[in-house]
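Reader: I am new to this structure and would like to know what stands behind the words used for it. Could you walk me through them?

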Amino acid sequence: MDKNSKGTMSEYFMEAGRKMQISNVLETNRYTEKFGLTLTPEDVELLVAEQKQTLKEQKRVEFSESILPKIIYEFCDSDYITMDNYTETIIRLQEIFYHYKNEMLDEITDTELLHFMKEQFETVCSGDPEYLEGTCLNIFAQAIRAGYRGYEGSDGYAEYEQFDEVQRWDREVYLYTLYELLS
Amino acid sequence: MCRLNFEMEELIPVVAKLAGQYTGFESTSVTYERAEQLMEAVLYCIREYENTGTETLLPENILAEEAYRQGFHLVQEKAQELRKLCNSLTPFFRTYGNICLKDTILKGIPEFFKWYDMKFAPMDTIITLDYPVPADLSAYSGVDTVYEYIKIIYQEQRFLQTMDASYIRQVLEHSLGDYENSVENLGNAVFLNLMVHIMLKKPLETAGFTESERQQIIKWCEPLTYDELEIHLAELTVKFAETYWQRDSDITAYLKSHVKDVAVRIKNGQF
């Protein structure tokens, strides 16, 4: 298959589901509005356009339903997403998602990756997509490329602790430090 | 040439469905490379459907999905036919000590059956068919390549086993020297020996030829062009096949596939 056919094929995949994709993303508002988050039709057009660009950059094609609604449903209850940063955060998360599907060699399912991303976003990363991309996911991707498959049993939850290189706060460390400061 | 001219819009849903099956419906996207592979898989099956019964008319309004489904069924059938052919070859298969033949058939073919992915990569042949055969199989791919290849090997074995194994080894040693490590086609060497014997009207008792016999053949071939010699050898081949295989068309076709190369060797005195 030549380069032109490849490009044509990916364009066909994108255009084939575009209208339904816009409608499905708008549909998410029914659920997300209870978290104070809604997307305007212009926001959705932007998200879909960014998705198309990201898929092209990551050399991927979406062949059925879009991942966008799934990202939205996964992250809409985040403590770190507000109306001020909703659209740009979803765009960023989408970029990170496709990038790491490639980095993890498609060994991980969409659901497992989204669960991992959300869990780390809310805890270790404190809502920082850059930290999510540059640290947690990077380390996790290395483990997967080396053959780790433990996430299959956990659906992507509670996986990062065993790979985390940073000493983090827990109750004992907190009390010890507090004692040191007060004494 | 594709007689069924499906547009991209018709093929994409078929590829999308296959992609879903490939990911176990657990991913909404695949890489370009994977999508390309799955498109090739769909096209391979559609071509299989197209190539069945080239004499008959294909339904004009067949959907891509249906053409793919029927083509995939044909790929499955071809793989089963290949397995049956291999099973019927195995009991009488001989390597005559040739390592390349042994490795290709006894090691390579089982690996093909183990790893051939008829659903998601039917176009991949997977194995390298290192033992050469007298045919250009470059137009084939996937199970078709291996099927055509084994058909040739089957006829070659039928041909070789009309002669005593020790005689075959003599001929091979005379023609190829270290025939056990050779990557030449064994049937070609034996057929060349056979043709020269027939031209000399010499019984097939000894391998090799005297210098006087060689000069006799070279002198006889001198006024002929390569094409004329080829025609003569083809006639001899047909007569030989009629005598020993009662006009068996498969073995006749196999023997004739050597004629062009053997004509060149005989004319050049390379025997």
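Author: Gladly! Two residues are in contact if their C-beta atoms, placed from the backbone, lie within 7 Å. By that rule, the contact takes 23 residues from chain A and 17 residues from chain B. This is a predicted model, in which local features need pLDDT of at least 70, side-chain atom pairs count only at pLDDT 80 or more, and totals for chains, interfaces and linings use all residues. Residues are numbered from 1 along each chain as its sequence is written, while chains are lettered from A and ligands numbered from 1 in the order in which they are written.

Reader: Which elements of chain B supply at least two residues each of the side that touches chain A?

Author: Helices (H or I, at least four residues) and strands (E, at least two) are DSSP runs, numbered from the N terminus. Helix 1 (8-22), strand 1 (29-31) and helix 2 (32-51) of chain B each supply at least two residues there. Helix 1 of chain B gives the most, with six residues.

Reader: What makes residues on that side of chain B nonpolar, polar or charged?

Author: Ala, Val, Leu, Ile, Met, Phe, Trp, Tyr, Cys and Pro count as nonpolar, Asp, Glu, Lys and Arg as charged, and the others, Gly among them, as polar. Sorted this way, the side of chain B that touches chain A has eight nonpolar, five polar and four charged residues.

Reader: How do you know that strand 1 of chain A and strand 1 of chain B pair?

Author: Two strands pair if DSSP finds at least two bridges between them. Strand 1 (residues 60-62) of chain A and strand 1 of chain B have three bridges, in the antiparallel sense, so they pair. A:Glu62 stands opposite B:Ser29 in strand 1 of chain B.

Reader: Why is helix 6 of chain B called roughly perpendicular to helix 7 of chain B?

Author: Axes are lines fitted to C-alpha atoms, for helices over the stretch in contact, and angles run from 0 to 180 degrees between N-to-C directions. Angles under 35 degrees count as roughly parallel, over 145 as roughly antiparallel, 65 to 115 as roughly perpendicular and the rest as oblique. Helix 6 (residues 165-176) and helix 7 (residues 186-200) of chain B pack at about 95 degrees, their axes 9 Å apart. That angle makes the two helices roughly perpendicular. Their contact has eight nonpolar, two polar and no charged residues.

Reader: What is the confidence in each chain?

Author: pLDDT is the predictor's confidence in each residue, from 0 to 100. Chain A has a mean pLDDT of 87, with 89% of its residues at 70 or more. For chain B the mean is 93, and 97% of its residues reach 70 or more.
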